[in-house]
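Colleague: Thanks for sitting down with me over this model. Could you walk me through it by question and answer?

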Amino acid sequence: MVGFIRPPCDAGIIRATPAAPAALSPRRKQLTLAATILGSSMAFIDGSVVNIALPAIQQALHADAVSTQWIVNAYLLLLGALVLVGGSAADLYGRRKIFLVGIALFTAASIACGLSPDITALIVSRAVQGLGAALLTPASLAMLGATFDKHERSHAIGIWAGVGALTSAAGPVTGGWLVDQVSWRAIFLLNVPLAVAAAGLAFGFACESRDEKAKPLDWKGAIAVALGLAAITWGLGAIPASGFHDKAVLGALALGAAFLASFVAIEARSGERAMMPLSLYRSRDFSGTNTLTLLLYFALGGAMYFLPFGLIRLGGYSATQAGAALLPFALIMGFGASFAGRLSDRFGPRLSLTAGPLIASCGLVLLAFADLGRSYWAGVFPAIGVLAIGITITVPPLTSTVMGSVGEAHAGIASGVNNAVARVASLFAVAALGAVLFASFSSHFAGMPPAQANEALNAVLAGQAGVTAGAIAAFDRALRTVMLVTALCAALGGGVGWLWVRPGGPEPLR
């Protein structure tokens with residue numbers, strides 16, 4: 001569900017590009033823009049519909065809670081670890097070429113997802129989808145940067161982001177309807193016609209471009225960060241079944257930490273050739289806004305992952321109704337972002353980066369105590385509205401502060417790093433909060449061994465018949481605990497915004 005609010009931040013992943021050739025006709029530019037919109041829409045729709053389908057997928061494939069989490073985590077892992085490499089590859093090998101490769105990978109993986117016979121095949125296919133998204137998303141923006149000159153570029157990116165927001169808004173409702181009326185498999189196969197149209201337009205009308213000064217791909221850094229994130233995510237996900245003190249869990253967490261430490265060492269040795277130059281962190285505002293991003297998107301990613309399970313399993317919602325329940329979030333984001341940007345311009349980013357996360361925290365607290373079985377308008381809608389207002393207030397100044405914190409020359413890579421941080425935050429949220437959910441469920445379902453408690457939780461999440469009232473009540477309280485943890489993280493993000501961001505706005509890195 002994080003796809004709802006990533007377009008403005010993703011729009012910063014544009015490397016230095018040459019001005020658009022004067023010979024390009026307006027029609028060719030418009031068709032290139034249409035190609036990038038269609039291609040990126042696959043990633044936007046994917047991010048907003050898969051969570052709605054998770055309860056149905058878990059039930060249909062007889063998956064446990066940890067395997068279900070990996071449906072999301074496999075995608076976020078590859079996307080978060082490789083999106084910066086994808087941008088570099090587009091600059092080095094050609095933006096149109098990498099865009100088409102990304103579409104091909106994403107489409108093939110989408111078909112494989114829709115035809116997956118079991119949970120293992122689905123997880124592997126989702127990982128390949130994440131790789132495709134890591135290539136096509138930055139390449140689509142780089143194509144815009146090469147097609148439109150500096151006077152046209154902001155308008156083109158605005159259209160790109162606006163359509164992305166609209167597809168994200170429509171995604172949950174459309175996806176929910178497909179799950180209810182057709183099958184969960186249809187949400188993946190929906191990508192195929194979009195991909196055919198995007199690839200056809202890009203191949204026929206988009207110009208090839210590359211950066212002659214592009215740096216080599218940082219494969220060592222990419223592999224190190226991907227292995228580190230994978231090991232930590234696996235370790236966190238294994239806690240419910242094995243316990244925190246299990247040797248395999250502790251070994252995975254230690255191995256992940258070691259790989260992440262090696263990633264930092266690799267980036268330090270690579271200097272400005274690194275995919276994430278450590279010199280950027282000399283900027284107080286860059287460090288502060290990325291810390292805020294980590295906390296806020298941890299909160300949002302976790303809440304949006306577990307909320308559909310609550311709506312469907314506790315509130316009795318259908319998948320369509322659960323998707324529609326989240327529609328106000330996207331609408332408030334879409335229509336309120338411009339006003340939030342003007343508000344930040346008038347009063348400075350520090351106020352927005354403090355108040356926004358705190359308001360979002362209040363929305364998450366309301367979700368924690370909402371009776372999901374009550375009327376939607378009395379229970380869920382007020383909480384979703386407050387959460388959306390808080391996120392809307394935060395995102396525009398967060399994006400502008402990140403890009404302005406290190407100067408114009410590093411604005412693209414700064415926004416790309418921030419985007420990767422948001423993906424990684426959601427990745428960790430699903431794994432870590434899954435452990436929190438299990439721990440809380442076990443404590444409220446007293447007297448049951450951990451293995452049986454895990455089975456009972458899986459039964460609730462999968463909607464199996466014969467689930468006891470005690471298990472339902474324990475899940476209700478566990479979900480409340482998860483929402484309160486996300487609220488705490490969002491509130492901490494507001495504290496970071498107040499203490500870390502400069503009152504007068506960012507000072508570019510020299």
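Modeller: Gladly, and a definition comes first: buried means under 20% relative accessible area, exposed over 50%, and partly exposed in between, with a 1.4 Å probe and protein chains only. Helices (H or I, at least four residues) and strands (E, at least two) are DSSP runs, numbered from the N terminus. The model is predicted, so local features need pLDDT of at least 70 and side-chain atom pairs count only at pLDDT 80 or more, while totals for chains, interfaces and linings use all residues. Residues are numbered from 1 along each chain as its sequence is written, and side-chain values use heavy atoms, with hydrogens and water left out.

Colleague: Which residues of α17 are buried?

Modeller: Helix α17 covers residues 450–462. Its buried residues are Ala-453, Asn-454, Ala-456, Leu-457, Asn-458, Ala-459, Val-460, Leu-461 and Ala-462.

Colleague: What distance does α17 reach from its first C-alpha to its last?

Modeller: The expected span of a helix is 1.5 Å times one less than its number of residues. Helix α17 has 13 residues, and its reach is close to the expected 18 Å. Just after α17, Gly-463 takes a positive phi of about 70°. The reach from first to last C-alpha is 18 Å.

Colleague: Why does the length of α9 agree with its number of residues?

Modeller: Helix α9 has 24 residues, and at 1.5 Å a residue these should span 34 Å. The agreement holds because its end C-alpha atoms are apart by 33 Å.

Colleague: Which residue follows α9 with a positive phi?

Modeller: The phi in question is near 90°. The residue sits in the loop between α9 (219–242) and α10, and at 25% relative accessibility it counts as partly exposed. It touches Ala-238 and Val-249, not counting residues up to four places away in sequence (contact means heavy atoms within 4.5 Å). The residue is Gly-243.

Colleague: How many salt bridges does the rule count?

Modeller: The rule asks for a side-chain nitrogen of Lys or Arg within 4 Å of a carboxyl oxygen of Asp or Glu. Arg-95 forms a salt bridge with Asp-91, with the closest N and O atoms 2.9 Å apart. Arg-95 is buried at 0% relative accessibility, and Asp-91 is buried at 3% relative accessible area. The count comes to one.

Colleague: Which backbone oxygen does the side chain of Ser-283 reach?

Modeller: Ser-283 lies in the loop between α10 (247–270) and α11 (284–313), and it is buried, with a relative accessible area of 5%. A polar contact is a pair of N or O atoms within 3.5 Å; within protein, one must be able to donate a hydrogen and the other to accept it, and residues adjacent in sequence count only if both atoms are side-chain atoms. At 3.0 Å, the side chain of Ser-283 reaches the backbone oxygen of Ser-405.

Colleague: Where is Ala-56, and which residues does it touch?

Modeller: Ala-56 is in helix α2 (residues 26–61). Its relative accessible area of 24% makes it partly exposed. Leaving out residues up to four places away in sequence, Ala-56 touches Val-179, Trp-184 and Arg-313.

Colleague: And Gly-204: what separates its C-alpha atom from that of Thr-32?

Modeller: Gly-204 belongs to helix α8 (residues 191–205) and counts as partly exposed at 45% relative accessibility. Gly-204 and Thr-32 are 172 residues apart along the chain, and their C-alpha atoms are separated by 9.0 Å.
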